[in-house]
Amino acid sequence: MANNILELDSVTIRFGGLTAVDSVDMNIEEGSIRALIGPNGAGKSTIFNLVTCIYTPTSGEIRFMGQTINGLKPHIITKMGIARTFQNIRLFGEMTVLDNVKVGQHCRTRTGFLGAVLRGPRVKKEEAHITEAAMAALELMELSHKKDELAKNLPYGEQRRLEIARALATEPKLLLLDEPAAGMNPQEKQTLMKMIRKIQEMGLTIFLVEHDMKFVMSLSHRITVLDYGKKIAAGSPAEIQRDPAVIAAYLGKDVV
């Protein structure tokens, strides 16, 4: 029986009189690719914000690797092994591609202020490790040849991939991708799909939100569907495509 890396148990969050997520249950198996889909406003990004502890549930429990994470600080979540990207690209445009990814290693460093000033052997060794880890992430996303370019000068699709490289540099066990294919052309999507499969084959668990249904259906092992904050379906891509509730709420008849 596969282990669940992430578990949501009757998770609810309310903002005033609005229930954004309503008693959602979800188990994500370690090493899998899980997609979360639904119409705009269904609560998908809210789920991501709950998992990364930007929000705290009004009720219910979220467990990561068996440990309850409700109410923890986002930087603690990152250290535990959860990383994410965002719908809107959040890069440091005036920094190089390599430096953007090195930022992701910050949560794994131990150098304090004094060490940074004195720059002893341990600090230099740590800096070498940071650069090595950042380059490995760039190579995985096929961006190592762009390491010295400013992030703002990359084409849009490469900026998307750079965000993923930075998330990978945090050394996550669970990677959340929020609309990773948004704005990409078909060729860029195919390249990204190949890279995500490679990441998953390395042992990482992928949890993604995406509106491109062909992308989702081709990539995911299992899919959870939200509508108005409620889970209305969960299953394999084939099961989701046949589900009448999903078709009525979101997919339509021409997605297969």
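Predicted model: local features only at pLDDT ≥ 70, side-chain atom pairs only at ≥ 80, totals over all residues.

Visitor: How many residues apart in sequence are P74 and T52, and what is their C-alpha to C-alpha distance in space?

Guide: P74 is found in helix α2, which covers residues 74-80. In sequence, P74 and T52 are 22 residues apart, and from C-alpha to C-alpha the distance is 5.9 Å.

Visitor: Is P74 buried, partly exposed or exposed?

Guide: Buried requires a relative accessible area under 20%, and exposed requires one over 50%. The relative accessibility of P74 is 37%, so P74 counts as partly exposed.

Visitor: What is the phi of C53?

Guide: Most residues other than glycine have a negative phi. C53 is not a glycine, yet its phi is positive, at about 65 degrees.

Visitor: Which strand holds S10, a residue other than glycine with a positive phi?

Guide: The phi of S10 is near 50 degrees. With a relative accessible area of 33%, S10 is partly exposed. The strand in which S10 lies is β1.

Visitor: In what sense do β1 and β2 pair?

Guide: Strands of a sheet pair through backbone hydrogen bonds, either parallel or antiparallel. Strand β1 spans residues 4-15 and strand β2 spans residues 18-29. Within this pair, R14 has T19 as its bridge partner, and I13 has V21. Over eight bridges, the sense of the pairing is antiparallel.

Visitor: Which residue in the turn between β1 and β2 has a positive phi?

Guide: The two strands form a hairpin, with two residues between them. The residue in the turn with a positive phi, of about 65 degrees, is G16.

Visitor: Which strands are at the edges of the four-stranded sheet?

Guide: This open sheet has the order β2-β1-β4-β5, with antiparallel pairing. An edge strand pairs on one side only, and here the edge strands are β2 and β5.

Visitor: Which strands of this sheet does helix α1 touch?

Guide: Helix α1, residues 44-51, packs on the sheet, and its direction makes about 115 degrees with that of β1. The strands touched by α1 are β1, β2 and β4.

Visitor: Which residue in β9 is the bridge partner of I37?

Guide: Strand β3, residues 33-37, and strand β9, residues 222-227, pair in the parallel sense over four bridges. The bridge partner of I37 is V225.

Visitor: How are α6 and α7 oriented to each other?

Guide: Two packed helices are described by the angle between their axes and the distance between the axes. α6 and α7 pack at an angle of about 10 degrees, with their axes 11 Å apart. Because angles under 35 degrees count as roughly parallel, α6 and α7 are roughly parallel.

Visitor: How many residues of this contact are nonpolar?

Guide: G157, R161, I164 and L168 of α6 meet E188, T191, L192, M195 and I199 of α7. Two of the residues in the contact are polar and two are charged, and the number that are nonpolar is five.

Visitor: Is E163 buried or exposed?

Guide: E163 lies in helix α6. Leaving aside residues up to four places away in sequence, E163 touches T85, F86, N88, I89, R90 and L91. Its relative accessible area is 4%, so E163 is buried.

Note on methods:
Residues numbered from 1 in each chain as written. Heavy atoms only, no water. Pairing = 2+ DSSP bridges. Contact = heavy atoms within 4.5 Å. Axes fitted to C-alpha atoms, helices over the stretch in contact; angles between N-to-C directions. Parallel < 35°, antiparallel > 145°, perpendicular 65-115°, else oblique. Nonpolar A, V, L, I, M, F, W, Y, C, P; charged D, E, K, R; others polar. Buried < 20%, exposed > 50% of the residue type's maximum accessible area, 1.4 Å probe, protein only.
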